[in-house]
Amino acid sequence: MSFPNGLALSGDKLYVSNYANNTIGLYNANTGATINSRFISSGLHNPGDIALSGGKLFVSNGNDRVGVYDASTGATIDRFYITPQSGGDIGIGGIAVVGGNLFVVNGSETIGKYDATTGAPIKRRFISSESFLESIAMSGGNLFVTIANTSNNAVGKYDATTGATIDSSFISFPGESD
């Protein structure tokens with residue numbers, strides 16, 4: 001592994017993105033044994049977070065792209081599944097797939113909502129913030145987002161249907177000062 005960054009789990013299979021060597025490795029989740037350290041090694045550029053849904057592995061790449069790959073074979077389905085529009089960044093941070101919706105950290109201050117089947121944007125600025133957004137996770141109808149700035153570091157809670165803020169400091173940590 002070289003700077004492991006993202007994880008996705010399916011049964012006894014653990015997918016690990018390796019940022020520095022542009023690969024996705026596949027490992028046995030029970031034993032840690034390597035199944036294929038270069039399960040996906042084509043079309044990736046500094047892969048970050050990964051998400052698994054419906055036999056597809058969604059990968060956010062450091063080249064502002066989200067690619068989609070076959071989770072069984074590693075074959076490329078579409079390495080440019082979601083691309084930037086109008087100068088907006090995408091695919092740099094967290095990614096989550098739930099119920100046909102794909103949520104992607106766009107740059108560092110927005111989260112976009114996309115159709116997971118087609119990649120079409122539902123709303124590119126689904127959640128906006130003046131702070132640094134990095135990781136996202138889903139539970140029920142809630143979207144949890146890590147938020148970092150100099151005065152407050154937090155996990156925010158948002159409505160996954162509307163993007164409305166439920167609690168921007170759901171879990172709060174004091175910020176660091178210089």
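This is a predicted model: local features need pLDDT of at least 70, side-chain atom pairs count only at pLDDT 80 or more; totals for chains, interfaces and linings use all residues.

Residues are numbered from 1 along each chain as its sequence is written, and side-chain values use heavy atoms, with hydrogens and water left out.

Start with asparagine 28, in strand β3, residues 23-28; strands are DSSP runs of E, at least two residues, numbered from the N terminus. Asparagine 28 counts as buried, because its relative accessibility is 19% (buried is under 20% relative accessible area, exposed over 50%, partly exposed in between, with a 1.4 Å probe and protein chains only). A polar atom of its side chain lies 2.7 Å from the backbone nitrogen of asparagine 30. For the backbone nitrogen of threonine 31, the distance to a polar atom of that side chain is 2.9 Å.

Now the core. Of the 13 residues in the largest nonpolar core, those touching the most other members are Phe103, Ile111, Ile136, Leu143 and Val145 (a nonpolar core is a set of buried Ala, Val, Leu, Ile, Met, Phe, Trp, Tyr and Cys residues joined through side-chain atoms within 4.5 Å). Strands β10, β12, β13 and β14 each supply at least two residues, and β14 gives the most, with 3.

Last, phenylalanine 3 and tyrosine 19. Phenylalanine 3 is exposed, at 53% relative accessible area, while tyrosine 19 is partly exposed, at 33%.

Note on methods. Helices (H or I, at least four residues) and strands (E, at least two) are DSSP runs, numbered from the N terminus. A polar contact is a pair of N or O atoms within 3.5 Å; within protein, one must be able to donate a hydrogen and the other to accept it, and residues adjacent in sequence count only if both atoms are side-chain atoms.
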